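Open your viewer and get ready to select residues as we go. We will visit some pockets, a helix contact and an aromatic pair.

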Amino acid sequence: MLVGNLLGMSQPNRVTNLGIMQTGTHVGVEIEISTSSSSSQFSSSYWNTVPEGSVPGFEAVLDRPMAGSELVIALEEAEQQISRLSGSNKFPEMTSVHVHVDIRDMTVTQLINFLTLSIMFENVLFNYVEHHRSKNHFCLPMTDATDCLNRLKRFVEQARTDSLSRDRIRSLFTSDEVKYAGINLSSIPRYGSLEFRMHHGTADSTALIRWINILLKIKEYAMGGDRSPTNILETKIEVGISSIFEQVLGGYSEILGYEGIEDDILDGIRNAQDFVSIYQLPLGRNPTQDIPDSDSSLFNQYNQWVESHE
């Protein structure tokens, strides 16, 4: 079943005019702006403005989820509009850009794949943006957002036993503890999206298009073939960190690369393994009491592989 159908949401329209976007996935964008200008001075048919409590100014929010060339036009228009506002520093440290990636067209397994990959590469995404973002209390990394990981475990267990429902997803993912993580799970039941809150404040349309394309590449890989969270980790074991990173991100792997990246991805793998191990449990096993047995080939391989990289 598609996530959108499970949540009682309509499916997105198919987009064929991609422009410079990687895929036709719809996204939502929120740009926080610090300015003394009135929001009425930001005039666009693509954007709405809402009050922003964290900075003196307002937030520009896409009028609706957009994709392809229309999204590019909207981001370019936002850059032009923001350049006309007053203020020498419209994007101090407390501002950010939030991107919602549409998940309505994914199966539940594909969504878990997307979550697995996003958490595996979370440290890499934080490293790409301004480094103060990982210390922001409204953008916590999964390592510091343990409640999110616990809720993800319950989500995966319900998916494994085919007992997910719209109400159960809302119950799991509706809380401030979930909302203020760098990867926001509360947007799943609310908007049918996975929200990435890492990016620092900016109106640079070229930078935002690049950031969104990076996220779309991760989603695209998550939806490919008959992938599952288990065989994503199996691939990681078989080909190594660098190879799987390049497989997922393609040319963007060069932009994202830095010294020490493999250690950061290893930390992400450990966080992802917490719920992937539940996905691979046979039905009838209780994930609150059981972990994979020593005869679990993947679990053994994974532990040996991690130990070899310590």
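A pocket is found on a 1 Å grid over the protein atoms alone: it is an open set of points where a 1.4 Å probe fits, with protein on both sides within 12 Å along at least five of seven lines, and its lining residues have an atom within 4 Å of a point. Grid points are joined across faces, edges and corners, and the volume is the space filled by probe spheres set on the points.

This is a predicted model, where local features need pLDDT of at least 70 and side-chain atom pairs count only at pLDDT 80 or more, while totals for chains, interfaces and linings use all residues. Residues are numbered from 1 along each chain as its sequence is written, and side-chain values use heavy atoms, with hydrogens and water left out.

**Stop 1: the second largest pocket.** Select P12, N13, R14, V15, G24, T25, H26, D102, D105, K219 and M223, which line this pocket. Its volume is about 220 Å³.

**Stop 2: the largest pocket.** Here the volume is about 840 Å³. Then colour β1, which gives five residues, the largest share of the lining; strands are DSSP runs of E with at least two residues, and helices are runs of H or I with at least four, numbered from the N terminus.

**Stop 3: two helices.** Show α3 (residues 108-120) and α13 (residues 261-279), whose axes come within 7 Å and cross at roughly 150°. Axes are lines fitted to C-alpha atoms over the stretch in contact, with angles from 0 to 180 degrees between N-to-C directions. The pair is therefore roughly antiparallel (over 145 degrees). In the contact (heavy atoms within 4.5 Å), look for residues including I112 and L115 of α3 and I269 and F275 of α13.

**Stop 4: an aromatic pair.** Six aromatic pairs are present (ring centres within 6.5 Å, using the six-membered ring for Trp). Select Y128 and W211: their ring centres are 6.1 Å apart and their planes at 0°, so the pair is stacked (planes under 30 degrees apart). Y128 belongs to α4 and W211 to α9, so the pair ties together parts 83 residues apart in sequence.

Key:
Angles under 35 degrees count as roughly parallel, over 145 as roughly antiparallel, 65 to 115 as roughly perpendicular and the rest as oblique. Rings of Phe, Tyr and Trp (its six-membered ring) pair if their centres lie within 6.5 Å; planes under 30 degrees apart count as stacked, over 60 as edge-to-face and the rest as tilted.
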